[in-house]
Amino acid sequence: MSGVYVVTGANRGLGRAAAEQLLIQGKLVVLGCREPEPVQARYKNRPNAIVLPLDVSDELSTMHFGHVLIQQQRTVAALINNAGVFLEHSEDFAGTPNLANAEMDLIRRTMETNAYGAIRMYQALNPLFEHGARIVNVSSGMGQLSEMNGGWPGYRLSKTAVNAVTRMLAEETSDRAMIVSSVCPGWCQTDMGGAAATRTAEQGADTIVWLATHSDLPSGKFWRDRKEIAW
Ligand SMILES: NC(=O)c1ccc[n+]([C@@H]2O[C@H](COP(=O)([O-])OP(=O)(O)OC[C@H]3O[C@@H](n4cnc5c(N)ncnc54)[C@H](OP(=O)(O)O)[C@@H]3O)[C@@H](O)[C@H]2O)c1
């Protein structure tokens, strides 16, 4: 495939790690970032890195991102919907919100980025996907219905919702042989995961990149550590 590999939220954390693994593989990578300037400076000597402004919670921004790629006559080999927020973060478990005291605005804002952002990106890039293109939705075990517990309702709902998006897109894109996946990266050392997390961002990015590049994968599945897991 000659198309680009789009990574959202590529300036730090898992998005940065995934983008860098793809760059090392020699892929042409489009790094979508809310603040592109420092990222453009970081990759100024990497001809296969294209840095564009992108806020996945903003429809004008996602449509503009798509139009830039259309103007550049790009096609898309893979879209990695990585950009995410964990707005209900609390230092101690006792302070964790549950449904009884959840702030509805936090739930709405979390959904705008983590779930609706993936839909906006699909709509913006839909004309550009190659036959057999990949969509990788970075989800979480916290969105797994089979393991669902209490706490952090906005984050959990957003990840369950993006898993539903994966299933719907798998059906909707089957005529183009596209492969749409959800992935749980595990608990990773990023700003979101914190320093106590059990794996590095590079380890977390491994299955994300594998799903974006590996051939012969089934569509519409949920993965962790290159193995299928339950929804
Ligand atoms: N770390 C973990 O343990 C873990 C576990 C399971 C799942 N995940 C998922 O993995 C993904 C990446 O998480 P992370 O740990 O790398 O988090 P992170 O270090 O907090 O990074 C989040 C990234 O998302 C970007 N972002 C947030 N809102 C955005 C928006 N509206 N538009 C564009 N970019 C936006 C951030 O950009 P700014 O710099 O502009 O804020 C940043 O680049 C998320 O979807 C997260 O839910 C993480």
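The lining of the largest pocket has 17 nonpolar, 19 polar and eight charged residues. One caution before I go on: this is a predicted model.

So, that pocket. The volume of the largest pocket is about 1,200 Å³. Its lining takes in 44 residues. Nearest the centre of the largest pocket are Gly-84, Phe-86, Thr-190, Met-192 and Gly-193. Now the elements behind that lining. α1, β2 (29–33) and α6 each supply at least two residues. Which element gives the most to the lining of the largest pocket? That is α1, with three residues.

Next, the ligand. The ligand sits in this largest pocket. Two elements give two or more residues to the shell around the ligand: α1, residues 13–24, and α6, residues 153–172.

How many residues are around the ligand? There are 28. Those that come nearest are Asn-11, Arg-12, Arg-34, Tyr-155 and Thr-190. Keep an eye on Thr-190. Thr-190 is among the residues nearest the pocket centre, and among those that come nearest the ligand. By class, the shell around the ligand splits into 11 nonpolar, 12 polar and five charged residues.

Take Tyr-155 first. An N or O atom in the Tyr-155 side chain is 2.6 Å from an oxygen atom of the ligand. Then Asp-55. Here a polar side-chain atom lies 2.8 Å from a ligand nitrogen atom.

How much of the ligand does the protein bury? Taken alone, the ligand exposes 900 Å². The protein buries 93% of that.

Last topic: the cavity. The count comes to one cavity of 30 Å³ or more. About 60 Å³ of space lies in the largest cavity. Its lining has 13 residues. Nearest the centre of the largest cavity are Asn-81, Ala-83, Thr-113, Asn-114 and Ala-118.

Which elements line the largest cavity with at least two residues each? They are α4 (104–114), α5 (116–125) and α6. The largest share comes from α5, with three residues. By class, the lining of the largest cavity has six nonpolar, six polar and one charged.

One link to take away.

Notes
Residues are numbered from 1 along each chain as its sequence is written. This is a predicted model: local features need pLDDT of at least 70, side-chain atom pairs count only at pLDDT 80 or more; totals for chains, interfaces and linings use all residues. Side-chain values use heavy atoms; hydrogens and water are left out. A residue is near a molecule or strand if one of its heavy atoms lies within 4 Å of it. A polar contact is a pair of N or O atoms within 3.5 Å; within protein, one must be able to donate a hydrogen and the other to accept it, and residues adjacent in sequence count only if both atoms are side-chain atoms. Accessible areas come from the Shrake-Rupley method with a 1.4 Å probe; for residues, only the protein chains shown count as cover. On a 1 Å grid over the protein atoms alone, a cavity is a set of points where a 1.4 Å probe fits but cannot get out, and a pocket is an open set with protein on both sides within 12 Å along at least five of seven lines; lining residues have an atom within 4 Å of a point. A molecule sits in a cavity or pocket if more than half of its atoms lie within 2 Å of its grid points. Helices (H or I, at least four residues) and strands (E, at least two) are DSSP runs, numbered from the N terminus. Ala, Val, Leu, Ile, Met, Phe, Trp, Tyr, Cys and Pro count as nonpolar, Asp, Glu, Lys and Arg as charged, and the others, Gly among them, as polar. Grid points are joined across faces, edges and corners, and a volume is the space filled by probe spheres set on the points.
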